[in-house]
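Please examine the sequence together with the structure before reading further. The paragraphs that follow lead from the strands to the pocket and then to points of local geometry and confidence.

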Amino acid sequence: MQHAPARASRLRAGSVFGAVAVATTAALVTRSSLAAFTATTQNSGNHWGTATVVLSDDSQGVARFNVSGLVPGGPGSSDAQCIRVSYAGSATSDIRLFATVSNDTGLGQYLTLKIEEGTGGMFADCTGFTPSSTLYTPGTLAGFCAAHGTWANGVSTWRATGAANRTYRITYTLVDDSAAQGTSVNAVFSWQAQSVPHA
């Protein structure tokens, strides 16, 4: 009975040693599982952005033609006006001209039309205009709108690859036909740019 305390002390020491041994073994296993050879490579700085399609003209919202009271051979029965169209986009684009009519009570078929593309000149002032191609002639306003009413069937082969401009001269003449009396027509001339895939 005199040796019981010593034995109990030895048991407690053994338990502490066992706990320390288990903890030490766990630490060694943890460190061993974290140890490894590694290598990394990166491809950084990736970025995506889109190009722009920007088109404008120098009309400032003013109609090029606004005439009434026309008679064959009279004032305004034949006229030519210019407009300059400018491209400022970054995407290579095809630019085409087309037109639509509205409220045509019959005059569209009695207005002959000629459309030229070139350089020089500006809105309502064709001074210095030099044509490079004729886009439409001979024909009528009604005929042009029927054949070229959307971008898909529009006229011009202008492919813009950067900032550029073209001038268009539009000439009309009233046909000398009594059937044109008391008629009228409205028209919208449109230029549209569409980006070119895989340009």
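Two strands are said to pair if DSSP finds at least two bridges between them.

Strand β3 (residues 93-102) can be followed towards both of its partners. Between β3 and β8, which run antiparallel, there are 10 bridges. Between β3 and β6 there are 4 bridges, again in the antiparallel sense. Ile95 illustrates both pairings: its bridge partner in β8 is Ala193, and its bridge partner in β6 is Trp158.

An open sheet of 5 strands has the order β1-β2-β7-β4-β5, and its pairing is antiparallel. Which strands stand at its edges? They are β1 (55-57) and β5 (130-136), each pairing on one side only. From one strand to the next, the twist in this sheet averages 30 degrees.

Within the order of this sheet, β7 stands between β2 and β4. The pairing of β2 with β7 is antiparallel and extends over 10 bridges, while that of β4 with β7 is antiparallel over 8 bridges.

The description now turns to empty space. Rolling a probe the size of a water molecule over the atoms shows where such space is left. The largest pocket has a volume of about 790 Å³. Its lining comprises 36 residues, of which Phe65, Asn66, Val67, Leu111 and Val185 lie nearest the centre of the pocket.

Which strands contribute to this lining with at least two residues each? They are β4 (111-119), β7 (164-174) and β8 (186-195). The most is given by β8, with 5 residues. By class, the lining is made up of 22 nonpolar, 11 polar and 3 charged residues.

Most residues other than glycine have a negative phi, and most peptide bonds are trans. Gln60 has a positive phi of about 55 degrees although it is not a glycine; this residue lies in the loop between β1 and β2 (78-87). The peptide bond from Thr137 to Pro138 is cis, with omega near -15 degrees. Pro138 belongs to the loop between β5 and α2 (141-147).

Finally, confidence should be considered. The mean pLDDT of the chain is 89, and 83% of its residues reach 70 or more. How many contacts beyond four places in sequence does the model have for residues 10-14? The number is 0, and pLDDT stays under 50 over residues 10-14. Over residues 16-29, pLDDT likewise stays under 50, and the model has 0 contacts beyond four places in sequence for that stretch. Where pLDDT is low, the predicted coordinates should not be read in detail.

Methods. Residues numbered from 1 in each chain as written. Predicted model: local features only at pLDDT ≥ 70, side-chain atom pairs only at ≥ 80, totals over all residues. Heavy atoms only, no water. 1 Å grid on protein atoms, 1.4 Å probe; cavity = no way out; pocket = protein on both sides within 12 Å on 5 of 7 lines; lining within 4 Å. Points joined across faces, edges and corners; volume = space filled by probe spheres on them. Nonpolar A, V, L, I, M, F, W, Y, C, P; charged D, E, K, R; others polar. pLDDT = per-residue confidence, 0-100. Contact = heavy atoms within 4.5 Å. Axes fitted to C-alpha atoms, helices over the stretch in contact; angles between N-to-C directions.
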